[in-house]
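Here is a protein chain to look at.

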Amino acid sequence: MARFEAILKDGGTEVVDGADTYALEGPMTTFFRTDGGRGIVDSWAVRIASIRTTELLLVRRRAEADAGTDLRPLPRLVATA
């Protein structure tokens with residue numbers, strides 16, 4: 001499992017533990033736990049949390065093994081207009 005850190009427009013930070021991946025669902029960015037950590041959102045994926053996409057500046061991922069290190073940006077970033 002990984003930990004995601006969502007940096008918000010207002011300067012706040014939301015931490016989502018236990019998610020493997022995230023995807024856009026309409027106006028929301030939703031974080032999912034997937035079976036076996038394969039990172040594919042399918043009918044078996046479990047929704048962990050959702051954040052309004054327009055409020056996001058950046059999403060970062062940190063694996064459990066990296067808990068004591070700096071966060072690395074994901075290759076796909078949420079763009080805001």
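This is a predicted model: local features need pLDDT of at least 70, side-chain atom pairs count only at pLDDT 80 or more; totals for chains, interfaces and linings use all residues.

The questions below set values against definitions.

Q: How confident is the predictor, going by the average pLDDT of the protein chain?
A: pLDDT is the predictor's confidence in each residue, from 0 to 100. The protein chain averages 81. At least 70 is reached by 74% of the residues.

Q: Which elements have the highest and the lowest mean pLDDT?
A: Strand β5 (residues 46-52) has the highest, 95. Strand β7 (residues 72-73) has the lowest, 48. Over residues 71-77 the pLDDT is below 50. That stretch still has 17 contacts in the model beyond near neighbours in sequence. A contact means heavy atoms within 4.5 Å.

Q: How many helices and strands does the protein chain have?
A: It has zero helices and seven strands. Both are DSSP runs, numbered from the N terminus: helices are H or I with at least four residues, strands are E with at least two. From the N terminus on, the elements run β-β-β-β-β-β-β.

Q: Why is tyrosine 22 called buried?
A: Buried means under 20% relative accessible area, exposed over 50%, and partly exposed in between (1.4 Å probe, protein chains only). Tyrosine 22 has 5% relative accessibility, so it counts as buried. Tyrosine 22 lies in strand β3 (residues 21-25).

Q: Why does phenylalanine 32 count as buried?
A: Its relative accessibility is 2%, so phenylalanine 32 counts as buried. Phenylalanine 32 lies in strand β4. Leaving aside neighbours within four places in sequence, its contacts include Ala19, Tyr22, Val41 and Ile48. The C-alpha atoms of phenylalanine 32 and isoleucine 48 are separated by 5.4 Å, although they are 16 residues apart along the chain.

Q: Buried, exposed or partly exposed: what is arginine 33 called?
A: Arginine 33 has 34% relative accessibility, so it counts as partly exposed. Arginine 33 is found in strand β4. Its C-alpha is 6.4 Å from that of glycine 18, a residue 15 apart in sequence.

Q: Why does leucine 57 count as partly exposed?
A: At 43% relative accessibility, leucine 57 counts as partly exposed. Leucine 57 is placed in strand β6. Leucine 57 and leucine 8 are 49 residues apart in sequence, yet 5.4 Å apart C-alpha to C-alpha.

Q: What makes up the largest nonpolar core?
A: A nonpolar core is a set of buried Ala, Val, Leu, Ile, Met, Phe, Trp, Tyr and Cys residues joined through side-chain atoms within 4.5 Å. Here eleven residues make up the largest one, among them Phe4, Val16, Tyr22, Phe31 and Ile51. β1 (2-8), β2 (13-19) and β6 (56-63) each supply at least two residues. β1 gives the largest share, four residues. Isoleucine 51 touches Ala6, Leu8, Phe31 and Leu56, among others.

Q: How do you know that β1 and β2 pair, and over how many bridges?
A: Two strands pair if DSSP finds at least two bridges between them. β1 and β2 have six bridges, in the antiparallel sense. Alanine 2 stands opposite alanine 19 in β2. The two strands form a hairpin with four residues between them. In its turn, glycine 11 has a positive phi of about 95°.

Q: Over how many bridges do β3 and β4 pair?
A: β3 and strand β4 (residues 28-33) pair over five bridges, in the antiparallel sense. Threonine 21 stands opposite phenylalanine 32 in β4.

Q: Why do β3 and β5 stand at the edges?
A: The open sheet of three strands has the order β3-β4-β5, with antiparallel pairing. β3 and β5 each have a single partner strand, so one side of each is left without a neighbour in the sheet.

Methods:
Residues are numbered from 1 along each chain as its sequence is written. Side-chain values use heavy atoms; hydrogens and water are left out.
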